[in-house]
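Subject: Structure for your records

Dear colleague,

Here is the structure I said I would pass on.

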Amino acid sequence: MEKIVVGVDGSQPAQRGLEWAVAQASVRGARLVVVHAWQPSAAVMSPYGATLADPVSLADTARAILADSVASVDTTSLAIVPELRLVQGPAAPALIDAARGGALLVVGSRGRGGFAGLLLGSVSQQIAQHATVPVVIVPPGTTNSRAEAAGGGRVGAPHR
Ligand SMILES: Nc1ncnc2c1ncn2[C@@H]1O[C@H](COP(=O)(O)OP(=O)(O)OP(=O)(O)O)[C@@H](O)[C@H]1O
Ligand SMILES: [Mg+2]
């Protein structure tokens, strides 16, 4: 059975990538692996300066991002239930690794972070350059009109 891998970070562009990946996996009868990578070293600002966030709560947040991302799309068309994979580490290597031997690696063009005005985030850029399987970068405004109709909105200005 073919494997399609998709990265999610809780952002609207990532959800569009996920919807695209679900549709593609359904058409191809492929299994879907949904990956969320997280890092324990994220600094959090407190009144006393930057501190390290509690790794346990960060892991819980990461688990919730992954579960909620998948719960909010319709996966009933898939041949088998998607695999949810939580990875500790930087996102691009995690996705490239998960996609090894697969048919397709799917990401959104942007994510939760980054500067408005950039066409691609750093994760999608790294994947485009380094992935060993075919990559699909789902741009804003193309995937599904239902998301827009529901008030999903674009990320950043159109035609940046
Ligand atoms: N932590 C992650 N785990 C899994 N996939 C991710 C993660 N972060 C991003 N992605 C995937 O990569 C896509 C592009 O996100 P990216 O992080 O490159 O953009 P950005 O957040 O706008 O910019 P940057 O992170 O460089 O500031 C997302 O839509 C998602 O598919
Ligand atoms: Mg990002």
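Predicted model: local features only at pLDDT ≥ 70, side-chain atom pairs only at ≥ 80, totals over all residues.

Sheet. Five strands make up an open sheet with parallel pairing, and their order is E5-E2-E1-E6-E7. Its edges are strand E5 (83–88) and strand E7 (135–138), each of which pairs on one side only. From one strand to the next, the twist averages 25 degrees. Within the sheet, strand E1 (residues 3–7) pairs with strand E2 (residues 31–38) in the parallel sense, over five bridges. In this pairing, Val 6 is found opposite Val 34 of E2.

Helices on the sheet. Helix H1 (residues 12–28) lies across E1, E2, strand E6 (104–108) and E7, and runs at about 170 degrees to E1. Helix H2 (residues 55–71) also packs on the sheet, where it touches E2 and E5. The direction of H2 makes about 150 degrees with that of E2.

Helix pair. Helix H3 (residues 91–99) packs with helix H4 (residues 122–130) at an angle of about 40 degrees, and their axes are 9 Å apart. H3 is therefore oblique to H4. The crossing of the two helices, H3 and H4, is right-handed. On the H3 side the contact is made by Ala 91, Ala 92, Leu 95 and Ile 96, and on the H4 side by Val 123, Gln 126, Ile 127 and His 130. Sorted by class, the contact of H3 with H4 has six nonpolar residues, two polar ones and no charged ones.

Salt bridges. Side chains of opposite charge can pair when their charged atoms come close. The count here comes to five salt bridges. One of them joins Glu 2 and Arg 28, with the closest N and O atoms 3.0 Å apart. Glu 2 is in the segment before E1 and Arg 28 is in helix H1, so this pair ties together parts that are 26 residues apart in sequence.

Regards

Terms used: Residues numbered from 1 in each chain as written. Chains lettered and ligands numbered in written order. Heavy atoms only, no water. Axes fitted to C-alpha atoms, helices over the stretch in contact; angles between N-to-C directions. Helix = DSSP H or I, 4+ residues; strand = E, 2+ residues; numbered from the N terminus. Parallel < 35°, antiparallel > 145°, perpendicular 65-115°, else oblique. Left-handed = near helix turned anticlockwise from the far one by under 90°. Contact = heavy atoms within 4.5 Å. Nonpolar A, V, L, I, M, F, W, Y, C, P; charged D, E, K, R; others polar. Pairing = 2+ DSSP bridges. Salt bridge = Lys/Arg side-chain N within 4 Å of Asp/Glu carboxyl O.
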